[in-house]
Amino acid sequence: MSASPGLRLGLRENAAQFALLVVVNAFVGAMVGLERTILPPIAEQDFQLAARTAVLSFIVVFGITKALTNYVAGRLSDHYGRKHVLVVGWLVAAPVPFVLMWAPSWDWVLVANALLGVSQGLTWSTTVIMKIDLAGAKNRGLAMGLNEFAGYVAVAASALATGWIAARYGLRPEPFYLGVGFVVIGLALSLLAVRETKHHVGLESRLAGDLPRDGIPSPREVFWRTTLVDRELSSVTQAGLVNNLNDGMAWGLFPIFFAAAHMTLEEIGVLAAIYPATQGFGQLFTGAWSDRVGRKRLIASGMWVQAIGIAVVIVSSRFVWFALGATLLGAGTAMVYPTLLAAIGDVAHPTWRASSVGVYRLWRDLGYAIGALVAGVAADALGLSASMWIVAALTFGSGVVVAVRMRETLDRQPASA
């Protein structure tokens with residue numbers, strides 16, 4: 001892959017295009033935030049779904065479709081270009097707010113979440129890959145921090161806004177009007193203003209060094225290397241999966257747990273926003289922090305902080321303590337999320353990095369589905385608190401795996417063999 005003349009790597013050198021991609025990813029995140037506060041109440045009030053596993057089925061559908069699309073998105077972006085995949089992702093999102101507004105049955109809500117999962121897999125994956133393309137190696141952690149900051153602050157703002165609208169006007173259709181605006185703006189920016197970044201990969205490939213004689217690894221080799229074989233890549237992958245496992249639990253069970261503690265819908269909306277807001281703003285600092293102190297310590301300690309946050313929520317019964325637990329969960333996730341992506345970029349050669357990111361995001365976002373299933377089944381069998389304790393224990397154990405197995409990746413040359 002050759003680089004076009006005049007291309008340069010770096011955040012400052014590509015500031016305008018990078019900033020545009022940050023804005024686009026904010027609208028991507030806002031689409032997820034539409035559901036964070038109000039979909040569990042819709043399941044119980046509009047469709048009379050009592051079982052936790054039934055309520056959480058929308059997260060399972062979202063997680064599986066997003067995970068599978070993440071894997072495909074990496075390959076598609078290498079083959080067809082990043083911008084084309086981004087635009088298609090927005091087109092897939094277009095029907096989602098309308099379906100959620102007028103869904104006559106829960107099955108239609110699941111269809112909307114399948115479309116949302118495909119859209120998120122295409123759009124969020126592509127904005128991640130494009131920012132890595134532009135940033136180069138020097139500020140990779142900062143680049144990922146800015147990307148995830150934009151996405152998750154938008155998730156928080158959207159969750160807060162939909163909770164406020166629902167408390168005043170009802171659960172449907174008014175809160176989902178926001179989604180129509182998100183799609184229109186996100187699609188317009190992606191189609192008219194975003195430029196292709198695939199050519200930057202050729203430049204970075206030359207700087208990173210040649211591949212060995214056997215060339216770029218096959219998709220099968222990249223899959224197994226990222227999943228199990230490479231110590232660093234596989235440690236990152238399991239941490240990402242468990243991180244989203246607890247996010248899937250928090251997405252589905254926290255609103256129910258807060259309602260059982262007699263929180264109002266507006267209070268639940270605030271609590272649902274605290275976690276992604278803390279995560280989003282925290283990533284402004286943690287991504288750049290990992291560029292200085294390394295990836296491993298932030299990932300391991302971040303998983304442990306998340307486990308403590310879940311524990312605080314479980315033992316609490318008042319708003320202020322729920323808010324503290326959500327803040328700790330968001331802070332721990334902020335330490336982990338951009339650092340995991342930066343570690344992938346440290347290890348994977350530019351020529352197969354997008355595919356490795358796709359494999360990582362496949363397993364990471366399957367965590368949504370696994371977390372929803374584990375939490376839902378355990379909640380129905382053992383109760384909400386026991387279900388949440390199980391997820392907290394899994395999160396703590398994931399940090400132990402990183403501490404024991406993973407080696408530091410900062411300043412490591414991308415692997416060519």
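Q: What makes the largest space of about 90 Å³ in this predicted model a cavity?
A: The term cavity is kept for space where a 1.4 Å probe fits but cannot get out. The largest cavity in this predicted model has a volume of about 90 Å³, and the structure holds three cavities of 30 Å³ or more.

Q: How do you know which residues and elements line the largest cavity?
A: A lining residue must have an atom within 4 Å of a point of the cavity. Arg-36, Ala-250, Trp-251, Phe-254, Pro-255, Phe-258, Ile-268, Leu-271, Ala-272, Tyr-275 and Ala-326 line the largest cavity. Helix H12 (231-260) and helix H13 (265-293) are the elements that give two or more residues to this lining, and the largest share, five residues, comes from H12.

Q: What classes of residue make up the lining of the largest cavity?
A: Ala, Trp, Phe, Pro, Ile, Leu and Tyr count as nonpolar and Arg as charged. The lining therefore divides into 10 nonpolar, no polar and one charged residue.

Q: Which residues line the second largest cavity, and how is that lining classed?
A: The second largest cavity holds about 80 Å³ of space. Its lining consists of Val-32, Arg-36, Phe-62, Lys-66, Gln-120, Trp-124, Tyr-152, Val-155, Tyr-337, Arg-364 and Tyr-368. By class, there are seven nonpolar, one polar and three charged residues. Helix H1 (15-36), helix H4, helix H7 (106-135), helix H8 (140-169) and helix H16 each supply at least two residues.

Q: Why is the second largest pocket called a pocket, and what lines it?
A: A pocket is an open set of points, whereas a probe cannot get out of a cavity. The second largest pocket contains about 180 Å³ of space. Of its 12 lining residues, the closest to its centre are Arg-75, Asp-78, Ile-216, Thr-351 and Ser-355. Helix H4 (57-80) and H16 each supply at least two residues of this lining, which has five nonpolar, four polar and three charged residues.

Q: Why is H7 described as largely enclosed?
A: A residue is buried when its relative accessible area is under 20%. In H7, 24 of the 30 residues are buried, so this helix is largely enclosed by the rest of the structure. H16 is likewise mostly covered, with 25 of its 33 residues buried.

Q: What spans and bends does H13 show?
A: H13 has 29 residues and reaches 41 Å from its first C-alpha to its last, close to the 42 Å expected at 1.5 Å a residue. A kink of about 45° in H13 is centred on Gln-283.

Q: Why is Leu-56 called buried?
A: The cut-off for buried is under 20%. Leu-56 has a relative accessible area of 0%, and is therefore buried. Leu-56 lies in the loop between helix H3 (52-55) and H4. Leu-56 and Ala-369 are 313 residues apart in sequence and 8.8 Å apart in space, C-alpha to C-alpha.

Q: Why does Ser-316 count as buried, and what does its side chain reach?
A: Ser-316 has 13% relative accessibility and therefore counts as buried, the limit being under 20%. Ser-316 lies in the loop between helix H14 (296-314) and helix H15 (319-347). The side chain of Ser-316 reaches the backbone oxygen of Val-312 at 2.4 Å, and a polar contact requires N or O atoms within 3.5 Å.

Q: Why do Gln-48 and His-262 count as exposed?
A: Exposed means over 50% relative accessible area. Gln-48 is at 58% and so counts as exposed; His-262 is at 69% and so counts as exposed.

How values were computed: Residues are numbered from 1 along each chain as its sequence is written. This is a predicted model: local features need pLDDT of at least 70, side-chain atom pairs count only at pLDDT 80 or more; totals for chains, interfaces and linings use all residues. Side-chain values use heavy atoms; hydrogens and water are left out. Buried means under 20% relative accessible area, exposed over 50%, partly exposed in between (1.4 Å probe, protein chains only). Helices (H or I, at least four residues) and strands (E, at least two) are DSSP runs, numbered from the N terminus. On a 1 Å grid over the protein atoms alone, a cavity is a set of points where a 1.4 Å probe fits but cannot get out, and a pocket is an open set with protein on both sides within 12 Å along at least five of seven lines; lining residues have an atom within 4 Å of a point. Grid points are joined across faces, edges and corners, and a volume is the space filled by probe spheres set on the points. A polar contact is a pair of N or O atoms within 3.5 Å; within protein, one must be able to donate a hydrogen and the other to accept it, and residues adjacent in sequence count only if both atoms are side-chain atoms. The expected span of a helix is 1.5 Å times one less than its number of residues. The bend at a residue is the angle between axes fitted to the seven residues ending there and the seven starting there.
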